[in-house]
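Visitor: I am new to this structure. Please show me how to read it, one feature at a time.

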Amino acid sequence: MFKNTQDKQEAAPQLKDDNIPAHVAIIMDGNGRWAQKRHLPRIAGHKRGMETVKTITKVASDLGVKVLTLYAFSTENWKRPHDEVSYLMGLPVKFFNDFVPDLVKNNVQVRVMGVKDQLPVQTQKAVNDAIKDTAECTGMILNFALNYGSRLDIRLAVQEIGRQVANGQLDPEKITDQTIDANLMTGFLGDLADPDLLIRTSGEERISNFLLWQIAYSELVFTDVLWPDFDRSVFEQMILEYQQRDRRFGGIKTSK
């Protein structure tokens, strides 16, 4: 696995326009450490991180990415201090109020996957309003994983498939990968559900319960850059690394 660091950015990457990953997923990590390095409260890092979301959303859309999935809040993040969780739950309200007009202008559609009914009422309203306000947009999909965990995603899918079997709607012998795909929270993305590229920031090299089924053949790229410092040049470097990979999906490419 390639591990990018800030000192590897001597030259601007030369991207191939015909090989932009259709679906990019990002584990946005390092907000707290960014703040601590500057002797600021952790919430300052989260606030700065949301500005990075705005920047990278526009960059991804400009580059031709079709789906950008951002791991915003995991099912495990409820274990964090109450004040931090409360702040994180309030971020979508301000973020969407500020950013939805830009999203509409850039033809970006907002989607959110996760257990939304466990979110505070004001957070649910902000999420639902953003989805509604961008519903007619036909460009890139900005997909937030909010109160999301992949094991929960898989468990809920299995339960739904089990109900279909119990009701006689589905023969268990007819369950395929496509059956599971359709019942996961990414099912609405269809053929774009599986990320081509998964990026994790801040130097950690873990998946952290994110899209475990969907990333079976994703290219994984890790960077030491903290999420609030993640910018266009770093993002393009990640895509350049992706473009240098040889994707075989378990097969062998034969020379002609």
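Guide: Start just past helix 2, where Gly64 has a positive phi of about 105 degrees. Helices (H or I, at least four residues) and strands (E, at least two) are DSSP runs, numbered from the N terminus. This is a predicted model, in which local features need pLDDT of at least 70 and side-chain atom pairs count only at pLDDT 80 or more, while totals for chains, interfaces and linings use all residues. Residues are numbered from 1 along each chain as its sequence is written, and side-chain values use heavy atoms, with hydrogens and water left out.

Visitor: How many residues does helix 2 have, and what span does it reach?

Guide: The expected span of a helix is 1.5 Å times one less than its number of residues. Helix 2 has 22 residues and reaches 31 Å from first C-alpha to last, close to the expected 32 Å.

Visitor: Is Thr52 buried or exposed?

Guide: Buried means under 20% relative accessible area, exposed over 50%, and partly exposed in between (1.4 Å probe, protein chains only). Thr52, a residue of helix 2, counts as buried because its relative accessibility is 4%. Contact means heavy atoms within 4.5 Å. Leaving aside neighbours within four places in sequence, Thr52 is in contact with Trp227, Pro228 and Phe230.

Visitor: Which residues does the "binding site" annotation cover?

Guide: UniProt positions are given in the numbering used here, feature names are shortened, and annotations may be inferred rather than shown by experiment. The unreviewed UniProt entry places "binding site" on Asp29 and Glu219. Of these residues, Asp29 is included in the lining of the largest pocket. A pocket is an open set of points on a 1 Å grid over the protein atoms alone, where a 1.4 Å probe fits, with protein on both sides within 12 Å along at least five of seven lines; lining residues have an atom within 4 Å of a point.

Visitor: Where do Asp29 and Glu219 lie?

Guide: Asp29 is in the loop between strand 2 (23–27) and helix 1 (31–37), and its 14% relative accessibility is why Asp29 counts as buried. Its contacts, leaving aside neighbours within four places in sequence, include Arg200 and Trp227. Glu219 is in strand 7 (residues 219–223) and counts as buried because its relative accessibility is 13%.

Visitor: Which residues are closest to the centre of the largest pocket?

Guide: Of the 33 lining residues, they are Met28, Tyr71, Ala72, Asn77 and Arg80. Helix 2 (42–63) is among the elements that each supply at least two residues of this lining.
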